[in-house]
Amino acid sequence: MWHKNGIEKAKIVIMQISFSSVFFNIFIIALLVWVVVLTVVLITLSRRKDVALPIKLFWSAIIVFAPFAGLLVYIIYGLKRRL
């Protein structure tokens, strides 16, 4: 009986390790995607000729100080105006 209980505990530990590992991998991939999008947006913003410097600084500040919301708003609103 003890042996079977020990095997069940080992299975639970292995499931917990793989479950947390999956979430860790998803987090790392999402972080890398976010860094790539952040880099592309900041480069695109800095190269725009149709936007004045104060507006570029404003968008950059929003993107830096509110990263997720700033990127989302810029991609929806800032890039839309450009196209």
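Which helix does Trp34 lie in? Trp34 lies in helix H1. The model is predicted, so local features need pLDDT of at least 70 and side-chain atom pairs count only at pLDDT 80 or more, while totals for chains, interfaces and linings use all residues. Residues are numbered from 1 along each chain as its sequence is written, and side-chain values use heavy atoms, with hydrogens and water left out.

**Whole chain**

Start with a cartoon view. The chain has three helices and zero strands, in the order α-α-α along the sequence. Helices (H or I, at least four residues) and strands (E, at least two) are DSSP runs, numbered from the N terminus. Switch to a surface view: the accessible surface is about 7,000 Å², and 77% of that belongs to carbon and sulfur atoms. Accessible areas come from the Shrake-Rupley method with a 1.4 Å probe; for residues, only the protein chains shown count as cover. Of the 83 residues, 14% count as buried. Buried means under 20% relative accessible area, exposed over 50%, and partly exposed in between (1.4 Å probe, protein chains only).

**Trp34 and its partners**

Select Trp34, which counts as partly exposed because its relative accessibility is 22%. Contact means heavy atoms within 4.5 Å. For the chain, among contacts between residues at least 6 apart in sequence, 52% join residues at least 24 apart.

**The nonpolar patch**

Next, select Phe24, Phe27, Ile28, Leu31, Leu32 and Val35, which make a nonpolar surface patch of about 560 Å². Leu31 is found in helix H1, residues 2–47. Leu31 counts as partly exposed because its relative accessibility is 38%.

**The aromatic pair**

Finish at the one aromatic pair of the structure. Phe58 and Trp59 form this edge-to-face pair, 6.0 Å centre to centre with 65° between the planes. Rings of Phe, Tyr and Trp (its six-membered ring) pair if their centres lie within 6.5 Å; planes under 30 degrees apart count as stacked, over 60 as edge-to-face and the rest as tilted. Phe58 counts as partly exposed because its relative accessibility is 49%, whereas Trp59, at 11%, counts as buried.

Terms used
Patches are made of residues with over 30% relative accessible area and no salt bridge: like charges are joined within 9 Å, nonpolar side chains (Val, Leu, Ile, Met, Phe, Trp, Tyr) within 5 Å. A salt bridge is a side-chain nitrogen of Lys or Arg within 4 Å of a carboxyl oxygen of Asp or Glu.
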